[in-house]
Amino acid sequence: REQLFGGTEWSPDGRIIYYGKLDRSNPARAAAAFFAHDLVSGKERELIRRPSLNAVNLSPDGRFIASPQTGSGATMLLIPTGGGEPRELMRAPEGQQLNHLMWAPDSRSVFVKKVLTGTRQSEIWRIPLEGQPHKLGFDASRLRAHIVVHPDGRQVAYAVAQPQNQR
């Protein structure tokens with residue numbers, strides 16, 4: 001009783017498809033896993049299996065998948081597509097979420113929306129693969145769409161909802 005989840009991504013060379021499967025055969029221990037399916041050889045390879053993975057977000061260079069993992073707080077995981085152990089890029093405290101993920105064009109950092117659950121407060125963070133995450137200097141509370149990163153990696157664009165009293 002597996003089902004696909006979390007989107008599907010092509011490798012940059014078009015030879016591999018990355019996707020997620022949710023195994024619901026044992027409801028007490030449901031697990032999510034990410035896979036790489038090589039279209040040339042026909043082989044499927046499991047990259048990671050955890051109980052609370054989210055979406056497959058492949059870096060532009062195809063070397064990593066970044067995915068929020070939910071649980072007590074939220075964690076942004078970096079998963080190597082070539083094999084190896086995943087690592088934590090950022091951890092949000094309990095009661096916060098990480099979502100609206102977007103890779104920088106150079107594959108060297110990830111942009112996320114950090115949301116304080118139950119409030120309208122949110123922030124945009126840049127998480128470099130090497131170095132410390134940092135908050136960008138603008139309010140993202142009305143963000144309604146994914147972040148779009150400029151090709152130079154130094155600017156972002158996003159859509160916001162207009163406040164009710166300004167319509």
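Start by selecting Gln69, which you'll find in strand β5 (residues 64-71); strands here are DSSP runs of E with at least two residues, helices are runs of H or I with at least four residues, and both are numbered from the N terminus. You're looking at a predicted model, where local features need pLDDT of at least 70, side-chain atom pairs count only at pLDDT 80 or more, and totals for chains, interfaces and linings use all residues. Residues are numbered from 1 along each chain as its sequence is written, and side-chain values use heavy atoms, with hydrogens and water left out.

Stay on Gln69 for a moment. Is Gln69 buried or exposed? Gln69 counts as buried because its relative accessibility is 13%; buried means under 20% relative accessible area, exposed over 50%, and partly exposed in between, using a 1.4 Å probe and protein chains only. Now show its surroundings: leaving aside residues up to four places away in sequence, Gln69 touches Arg50, Ser52, Ala74, Thr75 and Leu77 (contact means heavy atoms within 4.5 Å).

Next, zoom out. The protein has 13 strands and zero helices. Of its 167 residues, 43% are buried.

Now pick Tyr19 and Phe35. The structure holds one aromatic pair, and these two residues form it: the rings are stacked, 6.0 Å centre to centre with 20 degrees between the planes. For the cut-offs, rings of Phe, Tyr and Trp (its six-membered ring) pair if their centres lie within 6.5 Å; planes under 30 degrees apart count as stacked, over 60 as edge-to-face and the rest as tilted. Tyr19 sits in strand β2 (residues 16-23) and Phe35 in strand β3 (residues 31-38), 16 residues apart. Both Tyr19 and Phe35 are buried.

From Lys21, move on to Glu44. These two form a salt bridge, with the closest N and O atoms 3.3 Å apart (a side-chain nitrogen of Lys or Arg within 4 Å of a carboxyl oxygen of Asp or Glu). Glu44 belongs to strand β4 (residues 44-50) and Lys21 to strand β2, 23 residues apart. Lys21 counts as buried at 17% relative accessibility, while Glu44 is partly exposed at 40%.

How many salt bridges are there? The count comes to six. Among them, Arg49 pairs with Glu46 at 2.8 Å between the closest N and O atoms.
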